[in-house]
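Please look over the model shown here with attention to its charged side chains.

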Amino acid sequence: MCPLTSSDIGAHAASTTNDPHTTVRGAVPSTEELQRELDRVPRALLAHVIDVHCHPTDSDFAMTSDVARDLPIRICAMATRRSDQQLVADLARAHPDKVVPCFGYHPWFYHWISIGPPPSKEEHYRALFLPPSPPPKPELVEAFERLLPFLPDPIPLSDVLADVRARLTAFPNAMLGEVGIDRACRIPYAHPVDPPYAESAAEVSSGSGPRELSPFTTPLEHQLAVLEAQLALAVELRRNVSLHSVKCQQATGALLDRVKSVHGPEAWLRISVDLHSCGLSAQTWTQISNRHPNVFLSLSTAINARSPAHRALAAACAPDRILVESDLHDLRLAARYTWHMLCAVAAAKGWRVEDAPWDADESDEAEKEEEWGAVRRLEENWRIFERGMHAERVGRKGRRRDRAIEEWEARNEESD
């Protein structure tokens, strides 16, 4: 049922563009092969699988909604900018048993947001991309003048936060997402497009080549200002987060430390944070996970299977802090690719993959947790993530002290 073993996960590295919303291509098995594998999985077992990060509203909404009606798994549907927030809400209302809505603004579009009252369009973007010191080179000035007509009028951060707050409030189970930081994304010479975004991406990819990129990236300081304001909202409303992080390993660790410090450990640990399609090194992940017991990671075939490093990352992750996702825009492929990564994680962790769903009426004593299969483990991880309310890590000395207290209490209860 799962074709992958620990020795051949790396052979299925994906060959995709830097846009995670494109269809997976390359060395990953074909969609037909993955569908044949999925067809062998009992639907009752797939009902326990959660794709914790995807972008279904990037595709045609009518098609997406039709697919969602018979989708064998559950999904977390991400919003990314102003024009798709309502689409995510509509999809969640149409399919509440299948779709967890996620509202937020993606770092690829943070340059559209003004921290304070927007100045003129040119002043806003000039401050981001052509700071006066040091004086910009002539070629950058020329690039800026070429880029400016493509850029939209900036929107104030206060409007963004009001929009996200209203949508999170309307859906008690909604998450904040997709939000994050990204040092690799360069601003394209292209006008913003309306949904479905995937059709515009397909038009570009079928043309003479990839869309042309400017030399500009959004300054990290600006990204952090927009992101931390959204995270403050998540902490206030006790909403979990799907977090994007690209080429920002140190900055991500520092960000999480800062948010915990600003809001306090108690408030911070009430929510869960998923580092989606996590690209951290195993060492960096271990450091972050030790400091933040509310932070999880999820892996996708579309992004992580490009490199064999995801095997070390999966192996380094605690068994109760890992999730799986598709990170795709085509909902017709979500179950196939989520199952593919579930099998990859199972191979990396040495977990068996169930052939059938377990008996929900069985007591926990009937099957010890360490004997659970991958599907049951990952569903339980999702429940832990969804529930939040995490506890600070306790060191070995603290655990020994707590165990001694428990033993003392047990002895006194027996003597009463």
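Predicted model: local features only at pLDDT ≥ 70, side-chain atom pairs only at ≥ 80, totals over all residues.

Of its 416 residues, 52% are buried, while the accessible surface comes to about 19200 Å², of which 51% belongs to carbon and sulfur atoms.

**Salt bridges between separate parts of the chain**
- The count of salt bridges comes to 15.
- One of them joins the side chains of aspartate 70 and arginine 43, at 3.2 Å from N to O; because aspartate 70 lies in the loop between helix 3 and strand 2 and arginine 43 in helix 2, the pair ties together parts that are 27 residues apart in sequence.
- Aspartate 70 counts as exposed at 53% relative accessibility, whereas arginine 43, at 43%, counts as partly exposed.
- Arginine 291 and aspartate 257 also meet in a salt bridge, at 3.0 Å from N to O, and this pair links helix 12 with helix 10 across 34 residues.

- Arginine 383 forms a salt bridge with glutamate 380, with the closest N and O atoms 3.7 Å apart; both residues lie in helix 16, 3 residues apart, or about one turn of the helix.
- Arg383 and Glu380 belong to a network of salt bridges that also includes Arg74 and Glu379.

**Negative surface patch**
- Asp320, Glu369, Glu370 and Glu371 gather in a patch of negative charge on the surface.
- Glutamate 371 is found in the loop between helix 15 and helix 16, and its relative accessibility of 44% makes it partly exposed.

Conventions
Residues numbered from 1 in each chain as written. Heavy atoms only, no water. Patch = residues over 30% accessible without salt bridge, like charges linked within 9 Å, V, L, I, M, F, W, Y side chains within 5 Å. Areas by Shrake-Rupley, 256 points an atom, 1.4 Å probe, with all protein chains shown as cover. Salt bridge = Lys/Arg side-chain N within 4 Å of Asp/Glu carboxyl O. Lys, Arg positive; Asp, Glu negative; His and termini not counted. Charge placed at Lys NZ, Arg CZ, Asp CG, Glu CD. Helix = DSSP H or I, 4+ residues; strand = E, 2+ residues; numbered from the N terminus. Buried < 20%, exposed > 50% of the residue type's maximum accessible area, 1.4 Å probe, protein only.
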